[in-house]
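This report covers strand pairing and salt bridges in one protein model. Please view the sequence and the coordinates alongside the text.

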Amino acid sequence: MKLQQLPSEFQEALPILEKLKASGYEAYFVGGSVRDAILGRTIHDVDIATSAYPEETKKVFTRTIDVGIEHGTVLVLHGGQEYEITTFRTEDVYVDYRRPSQVSFVRSLEEDLKRRDFTVNAFALNEEADIIDKFHGLKDLEFKILRAVGVPQERFNEDALRIMRGFRFAATLDFDIEEQTFQAMQETAPLLEKISVERIFIEFDKLLTAAFWRKGLEKMIAAVAYDFLPEMKGKGTCLKAMLDRLRPDFLFATSEQAWAMLLIALDINEPKNFLKKWKTSNDFQKAVLDLVAAYRTREKTSVDKFLVYQYGLENLLLVEQIRQAQDLPIEIEQIKALDAALLIHSKHEIVVNGRTLMTELNLKAGPNLGRILSEIEKAIVLGELMNEKEAIFKFLKEKGMI
Ligand code: ATP
Ligand code: MG
């Protein structure tokens, strides 16, 4: 089959293929971008595979960066873009289920395509827009089926991350998983415990934020794969309940929102510990924990000025979305109005601080100063005090605090 037209992302990269070919090497577009081009989806990174060895690729181009030369990848800068050019390779004996013990460079495209995970990820595309389809991936694309390349059991044994990638592609592409492929995913799922948590997080995160996240999660539940993910052992019932309690058309707006909902649905007592076990960044942890806390507070109280000040408009709107998705009452307009009426959105916006109070009112550092500052903050947030120095000093006098 031929693509009607090479999408512009590939056209821009054509000179790279042509240069490699002019030097006597084979070169193709490969990977997810080819799949997405056939499906008419947005294309991100255009990856190139070549018969040239990394040292040979570096000789062909003037501007290159070594990014993973031991894996055969060289970054080529062209037309303001970066392209990963990877030598055709096979991956031998997998010793720890997570990375190939040895990468061998080969001169054959077919060998390279064989090591790829799913048939729909194993296309190559040449400069004439011909699609090379050694594993009937086009047929699988047509029927929206995810099928392992080769013997499924072997492929997931080699690299168990592919199991998570499988659920993730079901979620991003709205594909079903071919029966034997699914069975092998189920059987090899215990090997997920050997995979680095960071890599699993990336796949699970992509799954949750995908357009067909329900499908991906349903497959993960059906395969009982959650049993081998951090802090999720035995959580099948909760995960199913998460699907049931959210409206069928609900999509997560952000990763943080998705993980907050996951924590809520799993009824995790120590959310921080959970996120630590998933080895997420501190910023991510903080953002998710804020959302969970805001959600829990919202369960107990209706919205007021202080809630809006404390958690911020953005967080509260994300919380209202997951409330709405569960058919719980929402207060979106009121939250917006309260936020618009707030005199300050952070204590840093208060015109006085500890230093001002110490120098101008002769106050001493210590717990009392802290108390005074928080009284000021509270009064301003509640709209009882203007954020002006004179008004603040008068307020403190009236309250007998100075
Ligand atoms: P995305 O659109 O999310 O980038 P992708 O299919 O391009 O999806 P990448 O992780 O970017 O996925 O990998 C590029 C290609 O490399 C894949 O399409 C696949 O052919 C191959 N690949 C990546 N990871 C694996 C793996 N663990 N096992 C086998 N092949 C893999
Ligand atoms: Mg990609």
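The sections below treat the basis of the values, then the strands, then the charged pairs.

## Basis

This is a predicted model, in which local features need pLDDT of at least 70 and side-chain atom pairs count only at pLDDT 80 or more, while totals for chains, interfaces and linings use all residues. Residues are numbered from 1 along each chain as its sequence is written, chains are lettered from A and ligands numbered from 1 in the order in which they are written, and side-chain values use heavy atoms, with hydrogens and water left out.

## Strand pairing

Helices (H or I, at least four residues) and strands (E, at least two) are DSSP runs, numbered from the N terminus. Two strands count as paired if DSSP finds at least two bridges between them.

Strand β1 (residues 27-30) runs antiparallel to strand β2 (residues 47-50), and 4 bridges join them. Within this pairing, tyrosine 28 has alanine 49 of β2 as its bridge partner. β2 also pairs with strand β5 (residues 81-87), here in the parallel sense and over 4 bridges. Threonine 87 in β5 stands opposite threonine 50.

## Salt bridges

A salt bridge is a side-chain nitrogen of Lys or Arg within 4 Å of a carboxyl oxygen of Asp or Glu. The structure holds 28 of these salt bridges. For exposure, buried means under 20% relative accessible area, exposed means over 50%, and partly exposed lies in between (1.4 Å probe, protein chains only).

In the salt bridge between arginine 147 and aspartate 140, the closest N and O atoms are 3.0 Å apart. Aspartate 140 counts as buried because its relative accessibility is 4%, whereas arginine 147, at 30%, counts as partly exposed.

## Links between distant parts of the chain

Lysine 277 and glutamate 231 meet through their side chains in a salt bridge of 3.5 Å, N to O. The pair links distant parts of the chain, 46 residues apart: lysine 277 is in helix α13 (residues 271-277), and glutamate 231 is in the loop between α10 (213-222) and α11 (236-245). Lysine 277 is partly exposed at 42% relative accessibility, as is glutamate 231 at 35%.

Arginine 247 and aspartate 327 form another salt bridge, with 2.8 Å between the closest N and O atoms. This pair also links distant parts of the chain, 80 residues apart: arginine 247 lies in the loop between α11 and α12 (255-265), aspartate 327 in the loop between α16 (313-324) and α17 (332-341). Aspartate 327 is exposed, with a relative accessible area of 57%, while arginine 247 is partly exposed at 36%.

## Network

Lys144, Asp174, Asp176, Lys215 and Lys219 belong to one network, joined by salt bridges that share partners.
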